[in-house]
Amino acid sequence: SGADDVIDRDRLRALTDRERATFAERNPRSAAEYARAGNLFGRTPMTWMNKNAAGYPVYLDTARGARLTDVDGHEYIDFCLGDTAAMAGHSPAPVVAAVTRRLGELGGASTMLPTADAAAVGAELSRRFGVPQWSFALTATDANRWAIRLLRAVTGRPRILVNSYCYHGSVDESLIVAGADGHPRSREGNVGAPCDVTLTSRVAEFNDLEGLARELAHGDVAAVLMEPALTNIGIVLPEPGYLAGVRALTLAHGTYLINDETHTFSAGPGGATAAWDLAPDVVTIGKAIGGGIPIGAYGLSDDLAAALLGRADLDLIDMGGVGGTLAGNPVSMAAARATLEEVLTDAAFATMIEVATAFADGVRKIIDAHGLPWSVSRLGARVEYRFASPAPRTGTESAARADAALEDFLHAYLLNRGVLLTPFHNMALMCPDTTLDDVARHHEVFAAALGELRVAA
Ligand code: PMP
């Protein structure tokens, strides 16, 4: 906000209060469930579920495709899609069939034995993302953690470099930002850091090759862990030449490059890696590839895999710190195979991207009609608007334009009219079931929300 603030803050506050009152009236059953949950830390199964615009979360009743219903009987068009975990849509039929068969007919949710599905998933991920040697986790966080451990081991270097205001899960090394004075510091709110993050990590701004070169020149960075576009501080797209520059610099400094495709998978069937012809050493991913069932995965180049498997001093079989009891379980593998082979197909992505393009175009028109200095960014099937124009070029620039009060109003307004956005962003994701009618309904409500704010056109 600041000097160029076009929002009447008193009006915004009054409208938000009104929307919260409407929410409370509409959602008594969710309120009762929340009140009953005194034995949950933060009253929710996981503390993040308190990130909501209206005071308490809506409690889920049913979910199918791009639709949710809550316990008060309201239906929502779901553009949140589990913050990407449900990009395949909720409970897609092929995943339900594969998981039901695995759990019921065949049996065996956790066995520590491989199933044939795993090799098929590895082959499909290789075809899509280009890196040929895959291993599994249950979350993208763990995929990143294990990839980092492997790259520290193989390089003998201590540090990991990330972009300022990145998000890669609860990975200790990634909770670093570039301070205003250029000095790196722990990210605000970092919970119980095991040690000062500036000892384990280096940080550069996204789209800043000079800064990256300066940091890599220390010669102590095992790996750059990055999203090809930032997606967790708004969408920050790479400028022309930036990603090629990152690859050239990492190669020149003997630093491995990890593309975290957990969110950028929205760019296409092989994520940004395939869409933009990138050549990372490692790809990490999670969420969507399981069709809603927990999974994480990392893929390594052949050389890297061979170097690691050739190291007799690394315990990859037991207590070495890479792997987990439930990772690669038969249910995750069945779900991922069905998701990749039958749901998030090339054809499905073409539709999702077409619908997302309509979403972005419509939002842009509405914003322009109100003369708002905001920008809209799209990454394949994913769209986000940011309260800044032109669109921010770095995570730090984007973080500076966060506006929690405005976000809460828009989210609550949409929620009260049957539209769910991702609570952490102004992000809308399309699944194969999202229709142009769903997009039109969003636009109708979004335009009404801005109309009530009465910003001058
Ligand atoms: N990487 C990226 C890019 C993410 O956006 C996230 C989650 N938002 C993660 C990793 C971590 O995923 P999870 O919470 O499933 O561990």
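Trainee: Leaving aside neighbours within four places in sequence, which residues is Y298 in contact with?

Mentor: The model considered here is predicted. In it, Y298 is found in strand β12, which covers residues 296-300. Leaving aside neighbours within four places in sequence, the contacts of Y298 are S135, A143, W146, A147, V282, V283 and T284.

Trainee: Is Y298 buried or exposed?

Mentor: A residue counts as buried if 20 or more other C-beta atoms lie within 10 Å of its own. Y298 has 28 other C-beta atoms within 10 Å, and it is therefore buried.

Trainee: What distance separates the C-alpha atoms of Y298 and S266?

Mentor: Along the chain, Y298 and S266 are 32 residues apart.

Trainee: Which strands stand at the edges of the open sheet of three strands?

Mentor: The order in this sheet is β13-β14-β16, and the pairing is antiparallel. A strand with a single partner has one side left without a neighbour in the sheet, so the edges are held by β13 (375-379) and β16 (427-429).

Trainee: How many bridges join β14 to β16?

Mentor: Strand β14 spans residues 382-386 and runs antiparallel to β16. Across this pair, E384 stands opposite M427 in β16. The number of bridges joining β14 to β16 is three.

Trainee: Which residues come nearest to the ligand?

Mentor: The shell around the ligand has two nonpolar, eight polar and four charged residues. Of the 14 residues around the ligand, those that come nearest are T139, A140, T141, G169 and T262.

Methods
Residues are numbered from 1 along each chain as its sequence is written. This is a predicted model: local features need pLDDT of at least 70, side-chain atom pairs count only at pLDDT 80 or more; totals for chains, interfaces and linings use all residues. A residue is near a molecule or strand if its C-beta atom, placed from the backbone, lies within 6 Å of it. Ala, Val, Leu, Ile, Met, Phe, Trp, Tyr, Cys and Pro count as nonpolar, Asp, Glu, Lys and Arg as charged, and the others, Gly among them, as polar. Helices (H or I, at least four residues) and strands (E, at least two) are DSSP runs, numbered from the N terminus. A residue is buried if 20 or more other C-beta atoms lie within 10 Å of its own, exposed if 12 or fewer, and partly exposed in between; C-beta atoms are placed from the backbone. Two residues are in contact if their C-beta atoms, placed from the backbone, lie within 7 Å. Two strands pair if DSSP finds at least two bridges between them.
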